[in-house]
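Visitor: I am new to this structure and would like a close look at a single part, the surroundings of the ligand. Please start with the protein as a whole and then go there.

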Amino acid sequence: MIDTARLKAWLRRYAELIHVHKDELTALDATIGDADHGTNMDRGMQAVLHILGDEEDANENIRPAELLKQVAMVLISKVGGASGPLYGTAFLRMAQAVGEKEQLNEEDIAQMFAAGLNGMKERGKADLGDKTMVDAYARAVSALSSSLAEGFPLKESLAQAISAAKEGSDQTIPLIARKGRASYLGERSRGHRDPGSLSTVYLFEAALVFAGEGEINHA
Ligand SMILES: Nc1ncnc2c1ncn2[C@@H]1O[C@H](COP(=O)(O)OP(=O)(O)O)[C@@H](O)[C@H]1O
Ligand SMILES: [Mg+2]
């Protein structure tokens with residue numbers, strides 16, 4: 001079962017992955033945006049780290065929903081790009097999805113991510129194929145829920161979700177952007193990976209901590 005402490009471990013891992021890949025994300029955004037996606041996300045996730053407190057912190061007794069809501073608020077106020085409100089809305093919907101639960105099972109986790117996707121799509125009015133983070137996120141959500149439905153354990157299902165997110169991100173490369181800053185480039189957005197699709201890959205990669213997977217090889 002996944003409790004608030006596990007969710008915090010996920011967020012710490014996400015902050016770490018964003019930090020490590022900050023320049024890569026910014027370089028992608030330099031090509032089809034305004035060169036700030038890595039710095040935006042890193043600023044946001046460093047601020048999230050602040051509210052998580054220490055590993056042994058006493059405030060573990062807040063409910064998952066409260067934590068997710070706090071994260072949403074931090075991202076909305078600190079990220080300062082389109083991605084802030086998009087991830088922020090996703091976290092807000094995740095909070096609503098988990099409701100009053102203290103512990104989340106695999107199904108709750110799948111529903112949490114699915115609710116986040118709906119929030120992100122509504123907020124950005126984007127759908128699959130628009131060359132955004134939704135291309136990675138939506139594929140991850142489908143893979144996660146179908147893999148769990150087929151009876152695979154959480155660890156394998158998350159691995160499926162990560163692969164699907166990566167494929168979704170790869171698939172943004174030949175697309176013409178229809179949403180966000182990159183859409184101003186029209187045809188010229190073709191041939192480049194969407195930066196937000198890659199930060200979403202890391203969101204799911206970090207989620208391996210839900211399956212007790214602590215360390216991930218960066219190579
Ligand atoms: N309407 C939208 N719906 C979904 N995702 C979007 C939308 N607009 C932008 N994005 C995502 O946000 C990313 C850019 O984030 P960021 O660079 O932080 O913000 P900004 O575009 O304001 O500089 C894009 O790569 C894309 O994945
Ligand atoms: Mg940008």
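Guide: The secondary structure of the protein consists of 9 helices and 0 strands, where helices (H or I, at least four residues) and strands (E, at least two) are DSSP runs numbered from the N terminus. This is a predicted model, in which local features need pLDDT of at least 70 and side-chain atom pairs count only at pLDDT 80 or more, while totals for chains, interfaces and linings use all residues. Residues are numbered from 1 along each chain as its sequence is written, and chains are lettered from A and ligands numbered from 1 in the order in which they are written.

The C-alpha trace spans about 50 × 40 × 35 Å along its principal axes. Of the 219 residues in the protein, 53% are buried; buried means that 20 or more other C-beta atoms lie within 10 Å of the residue's own, exposed means 12 or fewer, and partly exposed is in between, with C-beta atoms placed from the backbone.

Now to ligand 1. There are 23 residues around ligand 1, and Gly81, Gly124, Thr132, Gly180 and Gly196 come nearest. A residue is near a molecule if its C-beta atom, placed from the backbone, lies within 6 Å of it. By class, this shell holds 6 nonpolar, 10 polar and 7 charged residues. Here Ala, Val, Leu, Ile, Met, Phe, Trp, Tyr, Cys and Pro count as nonpolar, Asp, Glu, Lys and Arg as charged, and the others, Gly among them, as polar.

At least two residues of the shell come from each of α3 (37-52), α5 (83-98), α7 (133-149) and α9 (195-206). The most is given by α9, with 3 residues.

Two of these helices, α7 and α9, also pack against each other, at an angle of about 30° and with their axes 6 Å apart. The axes are lines fitted to C-alpha atoms over the stretch in contact, and angles run from 0 to 180 degrees between N-to-C directions. The two helices therefore count as roughly parallel, a term for angles under 35 degrees. On the α7 side the contact includes Met133 and Tyr137, and on the α9 side Gly196 and Phe204; two residues are in contact if their C-beta atoms, placed from the backbone, lie within 7 Å. The residues of this contact divide into 6 nonpolar, 4 polar and 1 charged.

Lys131 lies in the loop between α6 (106-124) and α7. Its phi is positive, about 65°, although Lys131 is not a glycine. Lys131 is buried, with 27 other C-beta atoms within 10 Å.

Technical notes:
Parallel < 35°, antiparallel > 145°, perpendicular 65-115°, else oblique.
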